[in-house]
Amino acid sequence: VESMAQGVSQVHGWLKLATPGSFGGILLQHLSHLQVQYPLLQFSVHYQPNEVILRDLYEGRLDVGFVTEESHDESFCSEKILEEEVVIFAHQDHADCTINTKGAICALPFIDYPDRRQLLENWLSHHFGKHNFNQDQMQFKYFVNNLEAVIQLVAKQQGCSVIPLSAIDSHALKNELVILKGPRPDPLK
């Protein structure tokens, strides 16, 4: 980053970074463009939950971290770089495509993964305002640590989940999936 700011013509070396899996696809697209611009630049990319990324940044094991939840720790310099639409999605044969109450969330079988808690918290706050919803009361059929596995399980009618829209927007299985709507018509970004 310092080399780029100083206008050095050939940026090179390893850049160690981490991102939650839900942001990984978008990040890799941007890194591939950067790598074309700076062919001697190498990337070590790790998919981790927010708290692991912040810990590894603090302990110096990473150069850059991307998180889905703002940190108020003054040890970090942070900047909002992306607004991503967050959706709850299910198999296309899901009977009801609308979630009108917080209780309806508890009736859904969910596929859990590391980013689910924060993304669902954001989705619930957007659609229902301040709430005291205990996510531990939900039905979880699986816990996986891979976003591709989440999409595969939902496509196989094993439950639903919450995910950034970009993760399914260009996915090969997107025609088998449906976005469940909340009470607010405007999307969560």
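The model is predicted: local features require pLDDT of at least 70 and side-chain atom pairs count only at pLDDT 80 or more, whereas totals for chains, interfaces and linings use all residues. Residues are numbered from 1 along each chain as its sequence is written, and side-chain values use heavy atoms, with hydrogens and water left out.

**Overall fold**

The protein chain has seven helices and eight strands. Helices (H or I, at least four residues) and strands (E, at least two) are DSSP runs, numbered from the N terminus. The C-alpha trace spans about 55 × 35 × 30 Å along its principal axes. Of the 189 residues in the chain, 39% are buried; buried means under 20% relative accessible area, exposed over 50%, and partly exposed in between (1.4 Å probe, protein chains only). A contact means heavy atoms within 4.5 Å. Among contacts in the chain with a separation of 6 or more, 73% are between residues 24 or more positions apart.

Two strands pair if DSSP finds at least two bridges between them. Strands β1 and β2 run parallel and are joined by seven bridges; Gly 13 has Leu 41 in β2 as its bridge partner.

Thr 19 belongs to strand β1 (residues 13-19). Thr 19 is buried, with a relative accessible area of 0%. Beyond its neighbours within four places in sequence, Thr 19 is in contact with residues including Gly 24, Leu 27, Val 45, Tyr 47 and Phe 66.

**An aromatic pair**

Rings of Phe, Tyr and Trp (its six-membered ring) pair if their centres lie within 6.5 Å; planes under 30 degrees apart count as stacked, over 60 as edge-to-face and the rest as tilted. By this rule there are two aromatic pairs. In one of them, the ring centres of Phe 23 and Phe 66 are 5.5 Å apart and the planes stand at 40°, so the pair is tilted. Phe 23 lies in helix α2 (residues 21-37) and Phe 66 in the loop between β3 (64-65) and β4, so the pair ties together parts that are 43 residues apart in sequence.

**The antiparallel sheet**

Another open sheet has three strands in the order β7-β4-β8, with antiparallel pairing. Its edge strands are β7 (161-164) and β8 (177-180), each of which pairs on one side only. On average, neighbouring strands of this sheet are turned by 50° against each other, direction ignored. Four bridges pair β4 (residues 86-91) with β7 in the antiparallel sense. Val 87 has Ile 163 in β7 as its bridge partner, and Ile 88 has Val 162.

Helix α5 (residues 116-128) lies across β4, β7 and β8, at about 85° to β7. In a regular strand the side chains alternate between the two faces of the sheet. Strand β7 is covered on both faces: Ser 161 and Ile 163 on one side and Val 162 and Pro 164 on the other are all buried.

**Nonpolar cores**

A nonpolar core is a set of buried Ala, Val, Leu, Ile, Met, Phe, Trp, Tyr and Cys residues joined through side-chain atoms within 4.5 Å. The largest has 35 residues, of which Ile 88, Ile 105, Trp 123 and Ile 163 touch the most other members. Two or more residues each come from β4, β5 (109-112), α5, α6 (147-155), β7, α7 (165-169) and β8. Helix α6 gives the largest share, six residues. Apart from this core lies another, of eleven residues, among them Ile 26, Leu 27, Leu 31 and Phe 43.

Ile 163, leaving aside its neighbours within four places in sequence, is in contact with residues including Val 87, Phe 89, Leu 119, Leu 147 and Ile 151. In α6, the buried residues are Leu 147, Val 150, Ile 151, Leu 153, Val 154 and Ala 155. Just after α6, Gln 157 takes a positive phi of about 60°.

How values were computed. Axes are lines fitted to C-alpha atoms, for helices over the stretch in contact, and angles run from 0 to 180 degrees between N-to-C directions.
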